[in-house]
Amino acid sequence: MNKMNITDMHCDTLLEMHTKGRGLRELDGHINLDKLRCGGSLLQCFAVYTPTHGEAESCRITSGPWEYFNAAADIFEREMEANREYIRPVRSMAEIRANAGAGIISAMLTLEDGVCIDGRHERVQRLYDRGVRMIALTWNYENSIGYPNSFDTEAHAMGLKPFGAETVEQMKRLGMIVDVSHLSEGGFRDVADILKGPFVASHSCARALCDHSRNLTDEQLRTLGDCGGVCGVNFLSRFLVRDAAYTRIDDILRHMEHIADKAGTEAVALGSDFDGIDCGLELGDFAGMTRLTEEIAARFGSDRADKICHGNALRVMGEVIG
């Protein structure tokens with residue numbers, strides 16, 4: 001097994017398990033247990049992405065968002081228990097360190113889209129109690145927290161709703177990481193103003209290199225760096241190069257370099273979006289992460305590569321979740 005040196009802040013593998021009815025050992029997508037071990041996983045964040053609108057039907061989800069979250073969390077817990085020899089759930093840095101010392105991969109439960117919270121503060125507490133330690137406030141639709149990114153400049157400028165601001169405050173008190181991937185630029189600014197400390201864009205890229213509303217402007221990157229946060233570079237080709245259908249390792253590195261230039265090397269991390277992206281990949285899947293880490297080390301040097309591959313994300317986690 002390769003050295004455990006990868007902290008990946010986002011994947012959609014739980015949805016794969018749900019839709020295909022397969023466990024972590026049997027999956028044939030970007031991530032399964034063998035690929036995590038081969039690629040050198042230290043910590044994998046497993047997001048519960050909740051399909052709504054037309055996406056729910058295509059994913060064969062008939063329950064509401066809160067019911068779906070709990071069903072997906074059940075899958076996560078069941079798979080962690082079935083494979084605890086190799087991978088275990090974590091809720092704190094102490095558990096991550098203990099797993100790493102024992103050669104065991106850590107798995108963190110996260111949430112993509114706060115739609116399941118539905119304006120109820122008690123649900124944020126219940127998410128925390130189930131082990132969720134990071135929440136992406138929105139996906140591509142408005143919810144009770146705020147508004148998604150948009151190519152419409154007025155829509156993109158819309159900030160958090162009052163309940164959304166309260167939710168960010170609640171997450172800060174609980175020790176949950178606020179994730180601004182998918183959020184409007186106005187919402188991003190509100191998060192920065194409220195927290196005045198670390199937050200993340202778990203799976204986003206640099207807008208100066210690829211003009212997509214999902215990507216962060218240079219001003220946003222500087223704000224993220226000033227707050228001590230990180231941007232996990234997304235591997236989706238269309239976020240790296242406009243209209244591209246294939247992701248080259250060099251495209252990922254270019255965005256890392258740009259983020260490092262605008263926000264500092266300490267703000268660069270990995271957010272693959274594995275099992276949630278539909279493009280061809282030069283690195284193939286998680287087993288190919290060793291190719292990427294070698295190229296990062298060659299481009300940035302070994303010390304900065306360690307920060308990018310795991311150190312920066314773990315620093316934020318240590319500061320926020322403890």
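This report describes aromatic ring contacts and cysteines in a predicted model. Local features need pLDDT of at least 70 and side-chain atom pairs count only at pLDDT 80 or more, while totals for chains, interfaces and linings use all residues. Residues are numbered from 1 along each chain as its sequence is written, and side-chain values use heavy atoms, with hydrogens and water left out.

A search of the whole structure finds seven aromatic pairs, where rings of Phe, Tyr and Trp (its six-membered ring) pair if their centres lie within 6.5 Å, and planes under 30 degrees apart count as stacked, over 60 as edge-to-face and the rest as tilted.

Phe46 lies in strand 2 (residues 41-49) and Phe76 in helix 4 (residues 65-82), 30 residues apart; helices (H or I, at least four residues) and strands (E, at least two) are DSSP runs, numbered from the N terminus. Phe46 and Phe76 are both buried, meaning under 20% relative accessible area with a 1.4 Å probe and protein chains only. Phe188 and Phe199 are likewise buried. Elsewhere, ring pairs join Tyr49, Trp139 and Tyr141 into a cluster.

As for the cysteines, the search of the whole structure finds zero disulfides, a disulfide being a pair of cysteine sulfur atoms within 2.5 Å. For Cys11, the nearest cysteine sulfur is that of Cys45, 8.1 Å away. Cys11 counts as buried because its relative accessibility is 0%, and Cys116 counts as buried at 1%.

Conventions
Buried < 20%, exposed > 50% of the residue type's maximum accessible area, 1.4 Å probe, protein only.
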